[in-house]
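Hello,

Here is the structure I said I would pass on. Please open it next to this message and follow along; my notes come after it.

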Amino acid sequence: MASPTTTEALPPSMACTSILDNDLYKFTMQQAVLQHYPNTPCSYHFTNRSPLLARLPRAALPWLQEKIDSMATVRLTPEERVFLERRCPYLKAAYLDWLEGTFRFCPREEVKIEWKAGGGSLMVQSEPGSPRLDASGDLQEAPLTNNAGLNTRVSQLQHEQQTTTNKDDIVEITIQGEWAQVILYEVPILALVSEAYFRFGDQDWSYTGQFESARSKSERLVAAGASFAEFGTRRRRDYETQRIVMRGLIAGSASATTKDDGEAVAMTAAEATAAGKGFLTGTSNLHFAHIMDLLPIGTMAHEWFMGTAAILSDASLANAEALSRWAQTYPHQALGIALTDTFTTAAFLKTFRGPLARDWIGVRHDSGDPSEFMDRMIQHYDQDPLVGPEMRRKKKIVFSDGLDTDLAIRLYEAAVQKGIGATFGIGTHFTNDYHHVSGTKEEKSPAMNIVIKLHSCAGRECVKLSDDHGKESGSPEAVAQVKQQIAALG
């Protein structure tokens with residue numbers, strides 16, 4: 001399946017050369033962790049949910065290790081800080097001082113990558129040698145690697161990969177340290193794993209048509225009236241794909257005005273409302289929000305609830321405590337979209353009543369049937385005496401689970417008909433939607449289905465249940481204990 005011409009056409013990787021090449025909610029959670037859970041030890045584990053569909057080849061490990069090691073040189077620049085102050089006013093000055101002056105990635109101490117083959121393991125190390133962004137976000141040209149030894153090792157491993165295969169071979173990635181110190185690794189490492197796979201594994205693809213495809217998807221959503229954000233960093237094909245796709249999405253949701261160089265500018269909410277159209281609300285990726293002047297989008301992830309449950313030693317208390325502490329860090333509903341499914345939506349809604357249901361702007365759907373979720377939330381709001389049907393019409397559901405253009409449009413039309421707000425965070429469908437060059441138009445080049453989840457916090461195992469059984473995380477014993485705890489909610 002390899003295509004040398006495709007591989008040679010790949011630009012030098014720009015992934016993770018800015019600290020902002022990450023999702024907003026990792027920074028909002030980092031600020032909350034610093035306030036509420038400082039000096040708390042934790043660990044994260046990597047999981048490939050579909051190893052038979054897409055498996056990282058052993059030859060990718062030196063490149064992956066080099067890219068992760070190079071994160072040690074990444075800093076928040078003064079220009080990036082100005083952007084955060086302007087676009088993210090809920091990030092406090094004290095936090096930004098710490099992020100700029102104190103925080104540093106220490107991957108050699110905090111990240112461990114092992115190749116597990118036949119019961120044994122191999123650790124691969126390298127010296128950093130990656131291209132960099134200058135202050136304006138432009139590429140400083142550099143070769144893919146300037147480490148001759150690394151290139152030789154890659155060649156050796158590629159030969160071994162071609163002559164030996166084992167369906168049980170896996171890559172193990174663990175991250176360990178204080179929660180606030182290591183919380184930013186998840187998204188960049190997932191993005192790097194995906195990029196490594198498509199540099200050293202599936203190489204039968206091309207950037208051709210990505211801009212046009214993204215623009216078409218954006219145009220359809222805009223015409224349907226749906227507002228949407230780009231959520232695709234963690235499973236993007238590579239940095240360059242996300243850059244191309246962002247330009248296409250902006251072109252499909254373009255304002256009547258343009259930049260001085262003629263580049264499209266995204267339509268504003270006011271322009272969209274006046275035209276009766278949908279629009280691109282922004283992106284979860286802070287780096288692309290910065291260089292393309294978009295609104296960063298995001299609030300919290302499952303780990304906020306998972307870590308809180310571990311610290312409390314009781315999942316039945318975690319939803320209420322996590323929401324309360326979040327509101328302390330972000331008062332006045334600055335980031336008022338609540339994630340519902342960490343310990344199942346059914347358990348969450350037993351807590352999300354009265355003042356919580358009334359005060360929070362809305363909820364995010366990330367597992368389970370989205371149509372059923374919409375109906376459940378409408379019923380929940382309508383039956384709450386502090387909310388009711390009139391206020392429910394002002395509430396918002398952010399859909400973010402496995403969306404494509406068609407599904408987002410169907411859900412938007414249903415939300416309009418049923419009387420509740422809806423917006424959409426679309427990820428892999430935007431940033432990793434490819435077909436094989438050598439196959440038919442229908443032959444997909446599938447994205448990796450990979451996650452990094454909080455494994456332990458404060459010395460206790462972390463658990464996620466979800467509304468999809470396939471998305472559970474935690475040992476059987478820990479999962480059973482959490483289920484027993486939430487059953488006590490009645």
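**Notes on the model**

The protein exposes about 20000 Å², and carbon and sulfur atoms supply 51% of that area. Keep in mind throughout that this is a predicted model.

**The whole protein**

In secondary structure, the protein has 22 helices and 16 strands. It has 490 residues, and 55% of them are buried. If you take the contacts between residues at least 6 apart in sequence, 79% of these join residues at least 24 apart.

The largest nonpolar core holds 136 residues. Which of its residues touch the most other members? They are Leu84, Trp179, Trp304, Phe352 and Phe424. Helix α9 (residues 186–200) gives this core its largest share, 8 residues.

Apart from its neighbours within four places in sequence, Leu84 is in contact with Leu20, Leu76, Pro89, Leu91, Leu96, Leu99 and Leu286. Two of these contacts, Leu96 and Leu99, come back in the packing of two helices. Helix α4 (residues 78–87) and helix α5 (residues 93–101) have axes that come within 11 Å and cross at roughly 160 degrees. Angles over 145 degrees count as roughly antiparallel, so α4 is roughly antiparallel to α5. Their crossing is right-handed. On the α4 side the contact is made by Pro78, Arg81, Leu84 and Glu85. On the α5 side it is made by Ala93, Leu96, Asp97, Leu99 and Glu100.

How many degrees is the angle at which α14 and helix α15 (residues 318–329) pack? The angle is about 115 degrees, and the axes are 9 Å apart. This makes α14 roughly perpendicular to α15. The crossing of α14 and α15 is right-handed.

**Two buried loop residues**

Val74 lies in the loop between α3 (61–69) and α4. Is Val74 buried or exposed? Val74 has a relative accessible area of 3% and is buried, because buried means under 20%. Val74 and Ser18 are 56 residues apart in sequence, yet their C-alpha atoms are 6.2 Å apart in space.

Arg237 is found in the loop between β7 (228–230) and α11 (239–252). With a relative accessible area of 0%, Arg237 is buried. What does Arg237 touch, not counting residues up to four places away in sequence? The list is Ser194, Glu195, Phe198, Trp205, Thr431, Asn432, Tyr434, Ser445 and Pro446. Arg237 and Thr428 are 191 residues apart in sequence, and 8.7 Å apart from C-alpha to C-alpha.

**Two residues with positive phi**

Asp293 is not a glycine, but its phi is positive, at about 50 degrees. Asp293 is in the loop between α13 (286–291) and α14 (302–312). Its relative accessible area is 41%, so Asp293 is partly exposed.

Ser466 is also a residue other than glycine with a positive phi, in this case near 75 degrees. Where is Ser466 placed? Ser466 is in the loop between β16 (460–461) and α22 (476–487). Ser466 has 6% relative accessibility and counts as buried.

If you want a place to start, select Leu84 and its contacts, among them Leu20 and Leu286. After that, look at Arg237 in its loop between β7 and α11.

Regards

How values were computed
Residues numbered from 1 in each chain as written. Predicted model: local features only at pLDDT ≥ 70, side-chain atom pairs only at ≥ 80, totals over all residues. Heavy atoms only, no water. Helix = DSSP H or I, 4+ residues; strand = E, 2+ residues; numbered from the N terminus. Buried < 20%, exposed > 50% of the residue type's maximum accessible area, 1.4 Å probe, protein only. Contact = heavy atoms within 4.5 Å. Areas by Shrake-Rupley, 256 points an atom, 1.4 Å probe, with all protein chains shown as cover. Core = buried A, V, L, I, M, F, W, Y, C linked by side-chain atoms within 4.5 Å. Axes fitted to C-alpha atoms, helices over the stretch in contact; angles between N-to-C directions. Parallel < 35°, antiparallel > 145°, perpendicular 65-115°, else oblique. Left-handed = near helix turned anticlockwise from the far one by under 90°.
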